[in-house]
Amino acid sequence: MPAALEVFRQEESLGAAADLDFALAMLEAVRSGGLGPALRIYRPRPTVALGQRDAKLPGFAAAQAACRRQGFEPLVRKAGGRAAAYHDGCLVLDHVEPDADALAGSRRRFADFGELLARAFRKVGLTAGVGEIPGEYCPGEFTVSGEAPGGAPGGERIKLAGTAQRVIAGGWLFSSVLVVDNALPLRRVLTDCYAELGLGWDPRTAGAARDLAPGLDIAKVQDAVLAAYAGYAPLVDGDFTALRGRVAQH
């Protein structure tokens, strides 16, 4: 646990590709000593972040075209996993920290930060937990999920957040995407994208926090996330414009 975690609220997207690249630039700044423990929070533009394995599939080009037809920018991310979609109804968290033995703590971070996000969703009244959902998009052992509307038959759950990591010598980047509102466009683009990639999934697993609690909005979820992070480390407000300057120097 760090002595403090600097929080940067990014009010406007830099652009789909630039937002993804900026997280890697933060990690490089951590590696070179120009940035300490930091958490960046922003609402992204419509993006489908494809995995490295997706890019090797025969249907990759067709999947990219399908994403663009739906108004989503297809990009290939450095972290692992399969295709995941997000837009301005989502919150993206990029958490970086220096760590001399970053690889050793990788699995623990997935578990700990998955539970941290689940606590945030529980704080706003949802029933949330950590664990893979059968048929989910971008499947992962540490998916954060909630019960489907109305307690759907069979105990079906919807994916509320996915997480990914990138580890380098001297530091790590832990990225999370929380789906808060407007899940329909996400289901549509993922359905078309996965069909072109030849990958199976169950669209019923894709949803948003607001599907479970209609009164929820981005601000309430962000406040809950920051309250949960305050239990991890003392939070210090940072200036995003200043952060861009610091990162650019490294």
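For sorting the residues of a lining by class, Ala, Val, Leu, Ile, Met, Phe, Trp, Tyr, Cys and Pro count as nonpolar, Asp, Glu, Lys and Arg as charged, and the others, including Gly, as polar. By that scheme, the lining of the second largest pocket divides into six nonpolar, three polar and five charged residues. The model is a predicted one, and in it this second largest pocket holds about 190 Å³ of space. Its lining consists of 14 residues, with Gln10, Glu11, Tyr42, Arg43 and Gln222 closest to the centre. Strand E1 (5-10), strand E2 (38-42) and helix H6 (218-230) each give two or more residues to the lining of this pocket, and the largest share, three residues, comes from H6.

The largest pocket, in turn, has a volume of about 660 Å³ and is lined by 41 residues, of which Arg77, Ala79, Thr163, Ala164 and Ser175 lie nearest its centre. Among the elements that give two or more residues to this lining are helix H1 (16-31), strand E6 (90-99) and strand E10 (170-179), while the largest share, eight residues, comes from E9. Sorted by class, the lining of the largest pocket has 24 nonpolar, nine polar and eight charged residues.

Turning to the cysteines, the structure holds zero disulfides. The sulfur of Cys138 is too far from any other for a bond, because the closest cysteine sulfur, in Cys193, is 11 Å away. Cys193 is likewise in no disulfide, its nearest cysteine sulfur being that of Cys67 at 4.0 Å, whereas a disulfide needs a pair of sulfur atoms within 2.5 Å. Cys138 is buried, with a relative accessible area of 14%, and Cys193 is buried as well, at 0%.

How many salt bridges does the structure hold? There are 13 salt bridges, and one of them joins the side chains of Arg246 and Glu6 at 3.5 Å, N to O. This pair links distant parts of the chain, since Arg246 belongs to helix H7 (residues 240-248) and Glu6 to strand E1, 240 residues apart. Arg246 is partly exposed at 28% relative accessible area, as is Glu6 at 21%. A salt bridge also connects Asp54 and Arg82, at 2.9 Å, N to O; Asp54 lies in the loop between strand E3 (47-50) and helix H2 (60-69) and Arg82 in the loop between E4 and E5, so the pair ties together parts that are 28 residues apart in sequence. Asp54 is buried, with a relative accessible area of 0%, and Arg82 counts as buried at 16%. Finally, Asp19, Arg40 and Asp94 are linked in a network of salt bridges.

Notes
Residues are numbered from 1 along each chain as its sequence is written. This is a predicted model: local features need pLDDT of at least 70, side-chain atom pairs count only at pLDDT 80 or more; totals for chains, interfaces and linings use all residues. Side-chain values use heavy atoms; hydrogens and water are left out. On a 1 Å grid over the protein atoms alone, a cavity is a set of points where a 1.4 Å probe fits but cannot get out, and a pocket is an open set with protein on both sides within 12 Å along at least five of seven lines; lining residues have an atom within 4 Å of a point. Grid points are joined across faces, edges and corners, and a volume is the space filled by probe spheres set on the points. Helices (H or I, at least four residues) and strands (E, at least two) are DSSP runs, numbered from the N terminus. Buried means under 20% relative accessible area, exposed over 50%, partly exposed in between (1.4 Å probe, protein chains only). A salt bridge is a side-chain nitrogen of Lys or Arg within 4 Å of a carboxyl oxygen of Asp or Glu.
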